Structures are given as C-alpha cells and as structure tokens.
Amino acid sequence: MSRLENYVLKAYNKPIRECSDAELYRVLLDLVKDLGDGLPKHTTKKKLYYFSAEFLIGKLLSNNLLNLGIYDEVNNELIANGKSLLDIEEAENEPSLGNGGLGRLAACFMDSITTLGINGDGIGLNYHFGLFQQVFKHNNQLAVPDPWITEESWLNRNERRYQVKFKDYTFTSTLYDIDVFGYHHDKRNRLRLFDLESVTGDIIEEGTIHFDKSNIEENLTLFLYPDDSDHAGNLLRIYQQYFMVSNGAQLIIDEALDRGSNLRDLADYAVIQINDTHPALVIPEMVRLLTERGLSFDESVEIVRNMTAFTNHTILSEALEKWPMSDLDEVIPEIAKIIRRLDEKMKAEFPGNHAVAIIDGHGRAHMAHMAIHYGFSINGVARLHSDILKDTELRHFYDIYPDKFNNKTNGITFRRWIMDANPELADTLDSLISPEWRDTADLKPLLEYKDDKAVITKLRAVKFNNKLRLKKHLKTSQGVDINEHSIIDIQIKRIHEYKRQQMLALYIIHKYFDIKNGNVPKTPITILFGGKAANAYTIARDIIHMILTLSQIIDNDPEVSPHLKVVFVENYNVTHAQYLIPAADISEQISLASKEASGTGNMKFMLNGALTLCTMDGANVEIAERVGQENIYTFGRDSQDIVNLYATNGYNAPDYYYRDRIKPLVDFILSPGMLYLGDEERLRRLHHDISTKDYFMALIDLEEFIDVKEKMYADYEDHDNWSRRTLINIANAGYFSSDRTINDYNRDIWHLEQEHQDIKE
Ligand code: Z57
C-alpha cells in the first residue's frame, strides 16, 4: 500500500477515489508535516534570522510536494484515482501575509536559504486577516477582510512564549511555525510567526478596519497594514513592529544560549537581516535585552552592530519610516530612551553632520538612519537602485561608511515561478537541456536552440497552452472571457502613480481611437491589469476606477471589442500570478525611472518567455544588459534625467498635456461615455491631477511609449522571430534566480556555513 493510501485509510477509512478534495487536502497536509518532522535539524553554530513584516508565501501544498521531491509520485497516484492536485489545492486559502514585492521577495528568499542549506529562519507576525481582499463594485475597489486561517493549516503551534512590555501593557506572545522545505535538500527551516492569543477579530467591519487604541489587546496582530511604498503611520504600527522584534530578539538570545553562546560572542551565533525599515526596532530592543542581562551599553551596541544588516527597498521618502519620538514615548518609552542614547552616541561621533542624524530637527526618529549607523551592512536591491542610494538618497552615509554599502540584485525562486507555475515549460527545458537547470538555474544551454525551428514552434505551443489555462482560470474566477489567440499584454503589481498604470490606460485610449479610425490590429490584443491600491490612496483608487470604466466602454463597443479587450483581474495575488505570468507575451515594466527599486515581476515574466517593455529602471537595466537591445523594448527618460528634473523642479505637466497627441487622450477621461458609466468625482480628480500635477510624470514618456508599443505589436506578427527572442530571454534568466541572490548575501554579508553551492552565475 502506498504512503498516501495508508494516510487516507487511517483518516477516513476509505480509498482515495472516494475522498472529497477537502479530505485529500487534509491528508496531504498531515503527510507533508510528518515528512517535515522526520527531517534532520541544522546543527551549525551561526544562524540567520530574516526579519520581515511580510512573507507573501502563496499556497504551499504543491510547492512543498515539489521541494520534498514527491510531487510527481503524489500527482500520478491522484490522477490514477481520478483526482487532481490542482483541484485539491483549491481547498487551500492563500495566506495574505504581504502587500507586494517586498513580501514576495521574503518568501522567495526563505525558499532559497533553505535550498542552499543555510541555517536560517524568518521572523514575522501572524496577521489574522492579512491584507484585505479586493472586490470590484460599480467599477470601484472595495476592501473586504480576508480571514485566511482555517482550523487545519500549515501553522504549527509552538510552545514558546515571551513577555513583551509596552508602556500600558505587558503581553504574552504565542508562536506559530510554518516549515520551509528546500529543493532536493533535507534540512528544513521555519517561518516563525508571532501572535497574541487575545486577538479576536470582532471589530472588523466591511470595507474599513476600526482601530480602538484602548483595545490593543484585541487588535495587535489582526491585520497587515495595507501599504506598499505608501505610508500610513500610527501607533498600532509601532505596537506591531515592536511586538515582532521583541519576540524575535528574545528568540535569538534563547536559541544562541542553547547553542553555547555567552552573549558577549552573540554575533558569532546570529546574524539579523532587517527587511526594510519595519523591523529596525530590533536594534534598540537587542541593546535593551543585552544590557538587561548585564552587559554595558557600549558593549551591547558593538555586539548589535556586528550582527545586524539592513536592506533598503525604496527611495520613496514616504515609505522610509520616521517615528515621532512622542509616539515612541507613548508606546515604548524604554526603547525611546535607548534610541536617544544611540542618537547622542552617533552625534558625538559626527558633530554637525545633520544629514545623518537619527532624531531630526522635528523630533522624528529615522529608522533607516538608525539601521545604517548601528548595522554593518546596507544594501539596495538592484544595481541602479544601490547606485542611486550611494550617489543621491544616502550619499551622506556613503561618505562616512563607504564600506558598509553593497548591492544585492533581487531574484525569484525557480521552484514556484517555473516548476510550479509553468510545468510544461519546465518539462520542455528538461528534454532540451537536461533537468540540471533545476538545481543550477543555468539556462544558458538553451541558446543552442535559438535557430531551431522545431524548438521555437514548441515554445510557441507551450505559450498557447498557458493562454488556454489562463482563459479557463479567468472564466471560473471572475466570469471573464479572453481570446486565447490574442496577444497577452500584462501589467500586474500594486497600483501606484510611479508604476504608471495610468500611462498604459492612456495608451489604451490611443488604441481605442485608432481602431475607431479603422486601423484594426492584425492580431487581437488583450491587456490585463492586476493589483491592489492602498485603500487610503485616493488617486490609486481613481486609476482603478478609470481603467474599469474604460474597459466597460470597450466591451460595449462592437467596433472595438473584437480587437481589443481590457481586463482588470480582481484581487490579484500569488495564485492569480501563477496563471497570468506563464501566459504573457508582453511584460509591462513602465515605472518612472529611478522610482522602482528593483521589481521582481519583471524577472518572472522573462523566465516564462514574455518580452519586456520597460523604462531603464530597477532591475530592468540588468535584464536589458543580459538579453541585449534586440530582445527587449526600452523607452523613456533615464533615471539621471528624472533625478535632475526633481532636483530642479523642471517638470511642468501642462507642457505635455497640451501637446496634440496627448490632450485628446487625457481628455477622454472626461468624455460623455466615461462620465455616463463612471463616477464623476473620481474621473474629474484624476483628470485634474494628470493634466496639472502629474507628480510621477506619466505624460513625459507617453509619446515614446505609444510608439514603442505599436512597434512591439507589429513585431509580434513575425511569429518565429518573436519566439526566438523569447527563447533568448528564458536562456538569460538564470542570473535572476534567488539562489544566486542568496548565495551573494551569504558570501558578502552573512558568512554562514552553506551546504550546497550549485549556483552557476
Ligand atoms: C515594497 O513592496 C517594496 C518596497 C518598499 O519600500 C515597500 Br514598503 C514595499 C518593493 C519595491 O517597490 C520593488 O521595486 C522591489 O522589487 C521589492 O520591494 C523587493 O525588493
């Protein structure tokens, strides 16, 4: 009897074929957890703690089966019994413990850390409602709570508990662990998600979330802040952050003591990576804990400095947290006191250098500044971004600490983003270049086939099948029909002015006019958007409204709808992404240069054989460098131009708005048809914003964008050459494996023992 049959029989006393999908899900959950429990533990002296407010892990069943190496075995047995793993995974809720790129990066990193055989856990919070679910109603985004935790889940209750002291409360935490498995490797790591038992969830209301300050006890881990590079500071956020880092720091000390540390040598036992500013309070908290255990302040500070490294993910100042000292005094006075001492200590060392102060002239504590002074490493997430940090945003820090600065270009895990999301492409690669790429991420051997007609045709067939799969998915998930023979053109990411979804919308208006004028495209075009807007971010919600209204106008127009379709995928998340990305022909990466620190969706599309349409921003620069100018479409002002324009106040939206090619497109937002179907207040506000302010300069690159899109659609008609260039993109994607990224972090920052080093690039 097979392992699975055995489990099913024990649980339900019947054969596999008589079980429901929900029953099989439960059995597989148990089976995987038991396998995990049987794996050996890491025994190394030093351990990594990756602190992050977000871990956007996605559904785990297939991914865990894949990493444990039993995916095929289980899948085949299910098929033989008339079941499907995909249907079974429908029973799993996607944990919504992240907003966007930063949270997803943390999830990819945990996979790679484990796959490389590094001893490292993730430290975070177990938000009961995670990020809100996005629902569209009257062409508007509504935010609905997402109670993702079910009775049986990947969360394992841990017996560890810690006391966390605030000014007005002392809480006892609880801890949930989620196992993280590495691909083909036997040692497991864990995500350690701290929680509070008293959190109930009663105070959630449809669409809005009420925060009653006197009720921290019931609110602390209730929800994830719906921000992405967009700031909504308040006391609850300080409560959450301190709760996370205090638990994490106590865990580090306990585990290090268990392994033989005497605390003076703590930096030999632990290294902390701070993912953006959200966990930066771990620095004063660790100082507090060490002084409480008898070490001097200065000694504690040096230990903490030697064990802490910081990653910056943005240059948008509103996302770089600055806490008013008065707020810190109100919530965590002891920590506020330590921050003041850290500030004094640093000011004594750099007298008069106001640019590098922790506490500024307005009494606000800059979390990034604290993390740079009191850590040993600061890195950006793509080469261009790291250069901008050194030359512009953090140049005063670079002047005093040049050796702390380094770059770690982001990456993505190939387990989820090709093996799980695009099995047909993965199998094709196996048969062409041998399955070795699954361990090495080396896809370069594929280049040998770039002129092989049969291979080109095969890649095209795989793409077509993925379009069919997406079609079916969109039909069941939101009742939308797309044409599987159309060009699939996708922009999926959080909605933000700097990412310029509004610019793509203006292009769609151009195309709409063009088709009305009789210029029908040879191949029909489907443009898909996906992404949530922070609910308090009005203009972002206006942009969603504009796109939804526009798509309705197109659907209603029989002259246009056979040639152009616009879909806004509702509630975009990791699960949707796994269907969308493999089906894409065109990857939209059109941020205003300098503003997108890296991007990681860009890498996923490339790996899945889409061609990129991009500005020279973030990691797009490195993608372009690898595939060569003939195999990517770039346009727009570069980051130097944009940085200069901001510095000199040199951009004036009306200069662009009044151009002949632009004005009619922007004015369409206020056309009778749009006003008839849409919400006048939203549309007027958006029109006014774009035509007068346009802070993120959607209009500056619009004409060039239109031209390059037309060229791209025209080039698509040469099918063989298009597919040949997708092959070149796939073949060069190896560098963007998060295994390479983590290998770099470990080599340059963490210096941990690493069991596996199969990385090629
Ligand atoms: C977030 O998702 C990112 C940066 C932030 O400061 C916050 Br808050 C959230 C993103 C960047 O915008 C992306 O460019 C980057 O690829 C991603 O973090 C991972 O580094």
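**Stop one: a pair of helices**

Select helix H19 (residues 453-478) and helix H22 (residues 574-583), whose axes come within 8 Å and cross at roughly 145°; axes here are lines fitted to C-alpha atoms, for helices over the stretch in contact, and angles run from 0 to 180 degrees between N-to-C directions. Helices (H or I, at least four residues) and strands (E, at least two) are DSSP runs, numbered from the N terminus. This is a predicted model, in which local features need pLDDT of at least 70 and side-chain atom pairs count only at pLDDT 80 or more, while totals for chains, interfaces and linings use all residues. Residue numbers start from 1 along each chain as its sequence is written.

Now show the side chains where the two helices touch: Asn466, Lys467, Arg469, Leu470 and His473 in H19 meet Tyr579, Leu580, Pro582 and Ala583 in H22, contact being taken as C-beta atoms, placed from the backbone, within 7 Å. By class, this contact of H19 with H22 holds 5 nonpolar, 2 polar and 2 charged residues, where Ala, Val, Leu, Ile, Met, Phe, Trp, Tyr, Cys and Pro count as nonpolar, Asp, Glu, Lys and Arg as charged, and the others, Gly among them, as polar.

**Stop two: the sheet**

Next, select the open sheet of 6 strands, ordered E19-E18-E17-E20-E21-E22 with parallel pairing; two strands pair if DSSP finds at least two bridges between them. Strand E19 (564-569) and strand E22 (633-634) stand at the edges with a single partner strand each, so one side of each has no neighbour in the sheet. Strand E18 (residues 525-530) pairs with E19 in the parallel sense over 6 bridges, and glycine 530 has valine 569 in E19 as its bridge partner.

**Stop three: domains and ligand**

Colour the chain by its domain assignment, automatic or from a database, into domain 1 (47-58 + 99-125 + 151-199 + 213-411 + 743-750) and domain 2 (414-638 + 701-736). The contact takes 30 residues from domain 1 and 25 residues from domain 2.

Where does the ligand lie? Both domain 1 and domain 2 give residues to the shell around the ligand, so it lies between them. Select the 19 residues that surround the ligand, the closest being Gly101, Leu102, His313, Thr314 and Ser598; a residue qualifies if its C-beta atom, placed from the backbone, lies within 6 Å. This shell divides into 5 nonpolar, 11 polar and 3 charged residues.
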